[in-house]
Amino acid sequence: MTTFWRRHLHLSPTEARDTYADLVGLGLISRADDGSAAVAVAVRPTVLRVARESLRRAEEALPAVVRHEFLPAHELDGTESPWWRLASTSRYLHRNLPRHLRLAGHDARATALSRDFRWVHRVAALADVDAAVGELRQGGDSDRQLADALARAASRIEAARTDDERTRRVHPGSPAEALRHALLDVFARTLGTPSAGTATTRLATRWSTMPQPGIVLAGTFAADTRPGELRFSPDGSLLASLATGQLRVWEPVTGRVRAETAGSDPVFAPDWSWVATRDTDGAAVQGLRADRFTHRIDDPSVYDLAAAQDGTWLATVSRPGTVRLWNTRDGGLRWERREAGLHLGPGVAPDGSWLLVTRPGGGTLWDPSTGTMLGTLAHDNRDAAFAELVAPDSSWLVTCDRSGDLILWDARTARRRALLTRDLPWPRWRVGAPDSSWLLVTGEEGPPRVWRAADGTLAATLDAHGGRLTGCQVAPDGTWLATSGTDGLVRVWDTQDWTVAAVLESRGTGFAACLTSPEGSWLATRRRHAPVQLWDPRTWSVHAELDCVDLVDQWAAAPDGSLLATGHDGAVRVWRTAQAATVTHDEPPAEPHDLLAPNAPWLATHGAGSLRVYDASTGGVLWASGDVGDSPVWAAPADGSWLAAVGADGSLRVCDPFTGAVLCRLSTGGGAVNGCAAAGNRLVAVSADGRLRCWDTGTWQLCADWDGGLGPLDGCLIAPDGAWLAAGGGGTVRVWDVDGRPRAQIEQATLRGAIVAPSGRWIGTVDHGRVSLWDTSEGNRLAEGGWHGSLHRCAVSPDETWVGLVGLHANQYGFSADALPVGAFTDEDGFGLLVDCPIELAVDDISPSPDGRRAATAGGSGPVRVWDAATWQPVAAAWPDGRVHRCGWLGDGTALWTMGKRGLQIFDLVAQADGRQPTEQPSC
């Protein structure tokens, strides 16, 4: 079989062996004890067709088992294995399994498979979207409608999100994540479309405590490789991402690719009407505007380019130093000068009056229109010289050689104005005054120096930063200069007297970087682990933030300052700064670490020693307290009639959740309370002294107090009906009846992240990527499941038919993003944990709805989503106002809460019964 498939289905030996094993596992091939094989009807048509076409040629190569046992195969009986057990290496089956099913007459199974989001997502990830689309187009009208929607979504993955900015605001993922969310959006819109008179569901924001990010995302584009530089055209209509050996030019708002080339060292016409790149065969000039001309300069020795300021010519330097000037419209040669120089660099006058070509020992100024020599620049040594800076008015230029000589020249006379310094062989930062009155050229080490352009005298030495310089920006009007350094600060200098006008300390850690908008309305600063901040040059205060923490390696500003482009890990993001909202400077609430949401009109957050209680309907703060412990040790009953929390002094206090008034203080014997839980009419707490205490919530009298026998206790649970109590410590969990009689002991388990069955029959513990279910009567392990990776969140449905697991999922590439497998109890006893049917989507939390019919996920780089728990198809989605890592349901399941570092956001599930096909939006 493997020989047959390798030869005629073009599978590799590994793919052929894996395919055989997968077909056996799916029940499509049976193996007899004697080693012979029988192929099910689902596979036979394709095999027979290929065999008839090639059997004559393959007769000698095919083993007897294929010729005599494989071809006359009979239809098989037996139970099929789930398709999701296919290995990720089974690309052939991921492309062809629905087709085999249709050829075998199993149309219903093929349609169900093709319409299953999990299948389509996997095919798109392992094969390609076209394979998934092609399978769907073999089905009925609804399948073809879905196929068309998927195809349109896939074609727009690299396009910007222009007409629904709110829903694409923060933290888009990688291009692969963008594809996953695009597929989800299409499935939710197409499969969830209501017929006349029926309803579908959408998510609508009820309220949010998250500060608005101030800058909204306009689009995300896949650059394939990490962008090395981003650059806007002078009119802001085009954006270029430059990487090693790759150039892409985009329309920054629509995401349309205007040009793509594999060349390097791109040079743009001043108006970006064309771009020239260098490759191994020479150079190419490509038009970017309406006139999309392309022509080549066939000279493999070309190694430097320069463009005229009016875009009419392109200069090239070829070995061994020949300079040529070419017409950019037709590629015609204007003039040629041999042995004239080695480098061009930025050596072109802004007014087009001269072209500088440098060489060892100096350089030569040429008249571009005639090719005549205007003058020579002579250094004091024969080291290689380079052009570093040119005056905006073309009156002067600066060259540097590798000996460290930095020389200022009069460009009109080719005479030396001044030797600025002899200790700067590798300049890193170069800026000049917009009026050409001063210049700054400096390296990464040492204080920056400013020289007067008129005579080259030293104007100032800026004692800027204790370490290296990481950035240098000048205001468009030349009134200030900003420098950033490894000390994490940005200093702003008044260019009149070179005194410090402001010191800007950005949020985050590590070195600082800065960028000014070309029209001067803002200065951007960034550091690691913090948002980009926009500063108002009039007051030097922050007026907006860009919520793209650790998503900026490169950046560029549009000429009018309305757009900011950022590059990180193969993706280019474009942000709208013109819609920046004012950032308040009030002390923000502490980052929430945990949330309580009982079936009550309030919810509470706990974080870093701060507790806040909100009105669930309006988002108003009912009360807040800073007199709580650093860790969220708290509990509330299902009806939300009281709230118990550990105070800063370690005591356990019971409060009125609407007013914050302390109802009573519960004695814990002086031991620090490490955990508490509530159910029924009981509140239980455990402490570092190893004791477990239980109170009657009707009278707040202590009804149980005993030593857990495990040393310091670090967690506790209580049955939903209050029938038993559990506590953990030292890697052991013990379960007692409410009167203190032991029920069960569970070894090598902790209660951190544990769950309780709604019936109270079992406890689920999490350890090293595995979830174990333990009988609370005897402590026996009922079921176990998980995967190779870190498991940090799990949840169980109210009817106990499924368990959701969230954690770091390890695949063949090693540890990757968070993945969500969905577990289910499948055998007749209600146990037998199955966790190998994953929805491979980056999430941080999963929560079942109170009725168990739906589940919500949130986190990763995507939106909050609602899923049908019966089919695990997407139902609704919404993008929060900030990145979130927790989610849950309010009350009767008609609303969702999400929580992240920046606060809370509540979404209502809104029924929509218009029966119309929703307008398809481009995907993120």
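Student: Is Trp480 buried or exposed in this model, and at what relative accessibility?

Tutor: Trp480 counts as buried because its relative accessibility is 9%, and buried means under 20% relative accessible area. Please keep in mind, as we go on, that this is a predicted model.

Student: How should I read a pair of aromatic rings?

Tutor: A pair of aromatic rings is described by the distance of the centres and the angle of the planes. In this structure, a search of the whole model finds seven aromatic pairs. One of them is formed by Trp480 and Trp540, which are edge-to-face, with 5.2 Å from centre to centre and 85° between the planes.

Student: Where in the chain do Trp480 and Trp540 lie?

Tutor: Trp480 belongs to strand E29 (residues 480-485), while Trp540 is in the loop between strand E34 (532-536) and strand E35 (541-546), so that the pair links distant parts of the chain, 60 residues apart. Trp540 is buried too, with a relative accessible area of 15%.

Student: What kind of pair do Trp642 and Trp700 form?

Tutor: Trp642 and Trp700 are edge-to-face, at 5.0 Å centre to centre and with 80° between the planes. Trp642 lies in the loop between strands E43 (634-635) and E44 (643-646), and Trp700 in the loop between strands E49 (691-696) and E50 (701-707), so this pair ties together parts that are 58 residues apart in sequence. Both Trp642 and Trp700 are buried.

Student: Which rings have the charged end of an arginine over them?

Tutor: The charged end of Arg428 sits over the ring of Trp429, 4.0 Å from the ring centre, and the charged end of Arg526 sits over the ring of Trp555, 4.8 Å from its centre.

Definitions and conventions: Residues are numbered from 1 along each chain as its sequence is written. This is a predicted model: local features need pLDDT of at least 70, side-chain atom pairs count only at pLDDT 80 or more; totals for chains, interfaces and linings use all residues. Side-chain values use heavy atoms; hydrogens and water are left out. Rings of Phe, Tyr and Trp (its six-membered ring) pair if their centres lie within 6.5 Å; planes under 30 degrees apart count as stacked, over 60 as edge-to-face and the rest as tilted. Helices (H or I, at least four residues) and strands (E, at least two) are DSSP runs, numbered from the N terminus. Buried means under 20% relative accessible area, exposed over 50%, partly exposed in between (1.4 Å probe, protein chains only). A charge sits over a ring if NZ of Lys or CZ of Arg is within 6 Å of the ring centre and within 35 degrees of the ring normal.
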